[in-house]
Amino acid sequence: MPTVSAHVALTLAQHIDHVFGVMGNGNAYFLDALEKQTDAVFTAVRHEQGAVVAADAHFRASSRIAAATSTYGAGFTNTLTALAEAVQAHVPLVLVVGDEPTSGPRPWDVDQIAMASAVGARTYTTGHADAAATTVIAIEHALTYRVPVVLAIPYDVASLEAGAVAPAPVPRIPAPLAPRGEFADGMLDDIANALRSAERPFLLAGRGAWLAGARDALGALAESTGALTASTALGRGVFPDTRYDLGVTGGFGAEGAMQLIREADVAVVFGASLNQFTMRFGELFAPGTRVFQVDVAPAATHAHVGGFVRADARLAAEALVERLSTPASAPAHAPWRETADVEAARAYADGDDLAADGRLDPRSAARRIAELLPEDRVVVSDGGHFIGWANMYWPVAAPDRMMMVGTAFQSIGQGWPSVVGATRARPEQTIVLTSGDGGGLMAIADLESAVRAAGGRGIAVIWNDAAYGAEVNLYGLKGLAEGPMLIPEVDFAAFAAAVGAEGVVVRTLDDLERLRSWASEDPVERRFLVLDLRISGAVIAPYQEEIIRVNS
């Protein structure tokens, strides 16, 4: 007869096809049932944090929910940083864990429900008779509120026979939030009128707009208003017409593009939280710009917003297109975007071949890598000073092709397992990791997982400056002791070879030619490629200079 763990596995597998994790006492029966009785694919990682990171990256790359699993106690506590990141980033996933027995905690048990709650994740605990129903409730909660949930199986319940698995209802997902009421209608009228009369209209969209499926509606709105467009770092590529797109706003943006945005007289923001980095610490818009925001949040998320509509980005954009669709609504003036030199505005500094200290200039390295990377790339990023280089120099086709797992919680060390999740979500694409040496070392156990999962469809670019660069730039420049901020230079190419990948130490731009030849090889025949870039720490990313200015 099926056990409680089998009820969980069989029900989960009806809605989730990928599970990532580390096996232990607390989840052994669950994994046994998953492997023997379902079609779900289990991918092992080497650290429990990596299990949650992989499930997180899987959703960001595909919009399909995945699951992670770990044992109880130490296995569970290892997941907490990644769980907090998924909460902060509004990523739905299910973490299946073992838990203390119903008879009470053992010496090695901890209050897992309290710990999960402390980082913002709700726990559902299965019983002997309700495991299937509880599993459906957990999935529905994750998808409804766009958060991770913990599904706990008590140790003494896991192997109990529970009878046949009864049919469970399909998780119910709420319909997109439509603008409702006179106030919302009136505000949409105000936004349409403002766009109609604007001489320099501007549209900004974030990851929320992508998740809402607003791409086509936003493209139509930009076309009908003649607006220039831009996105947040997590919304890159959301607008379909790149000819009039200024790229990323905030510290990752080109200075010329940011100056153009300050010329806007009307700005409408869709599905973006307008955090301090997107807003350039309050300086993205000029004081005279009328700023409107459309979001599912209960209220405007920045003090500079003058008009707010709570609604799904796609539905609101479609409503605005309809309001602006009549011939009488067409602007009387020439579209701003046809007079602006967008290409020049979004240009970044070329950089030098080598910096003054003789090490690679990360700007020129990033530019050359962009020329050589396969066009089908999906970029996953760890956290650290280096995040500016890929975000500035590597274009991607859509928001689900550039993800930064860790930045919502300001954590590092989540890069290697991100490759695992993205690979399982997009098996036919080339997965490119961009990571620093600090974060790369912190998660080095899952270098093996990344190589095993991605094989010849994986690349890692390690920006190796032998330091925690963000700390050096912020605190070293203040005169604090730099010793704790430095890392003895590590040979990541040797690490790569140890787990079956190909490693290349890159000291000059010519050393990147191996990437060119690698990209032309058959993915089945080539190996995972690790590029160990020995870059200069003296070249500071523009977004970091912005942070230094604000905090100095």
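Predicted model: local features only at pLDDT ≥ 70, side-chain atom pairs only at ≥ 80, totals over all residues.
I began with the strand order and found an open sheet of six strands, arranged as β14-β13-β15-β16-β18-β17, with parallel pairing. I then looked up the edges, which are formed by β14 (402–404) and β17 (502–506); each of these has a single partner strand, so one side of each is left without a neighbour in the sheet. From one strand to the next, I noted a twist that averages 15°.

**Entry on one strand pair.** Turning to β13 (residues 378–381), I saw that three bridges join this strand to β14 and that the two run parallel. Within this pair I looked for the residue opposite V380, and that residue is M403 in β14.

**Entry on a helix over the sheet.** I next followed helix α14 (residues 362–372), which lies across β16 (458–464) and β18 (529–534) and runs at about 170° to β16.

The crossing of α10 and α12 is left-handed. For the residues involved, I listed A217, L218, A220 and L221 on the α10 side, which meet R314, A317, E318, L320 and V321 in α12. Sorting this contact of α10 with α12 by class, I noted seven nonpolar residues and two charged ones, with no polar residues.

Definitions and conventions:
Residues numbered from 1 in each chain as written. Heavy atoms only, no water. Pairing = 2+ DSSP bridges. Helix = DSSP H or I, 4+ residues; strand = E, 2+ residues; numbered from the N terminus. Axes fitted to C-alpha atoms, helices over the stretch in contact; angles between N-to-C directions. Contact = heavy atoms within 4.5 Å. Left-handed = near helix turned anticlockwise from the far one by under 90°. Nonpolar A, V, L, I, M, F, W, Y, C, P; charged D, E, K, R; others polar.
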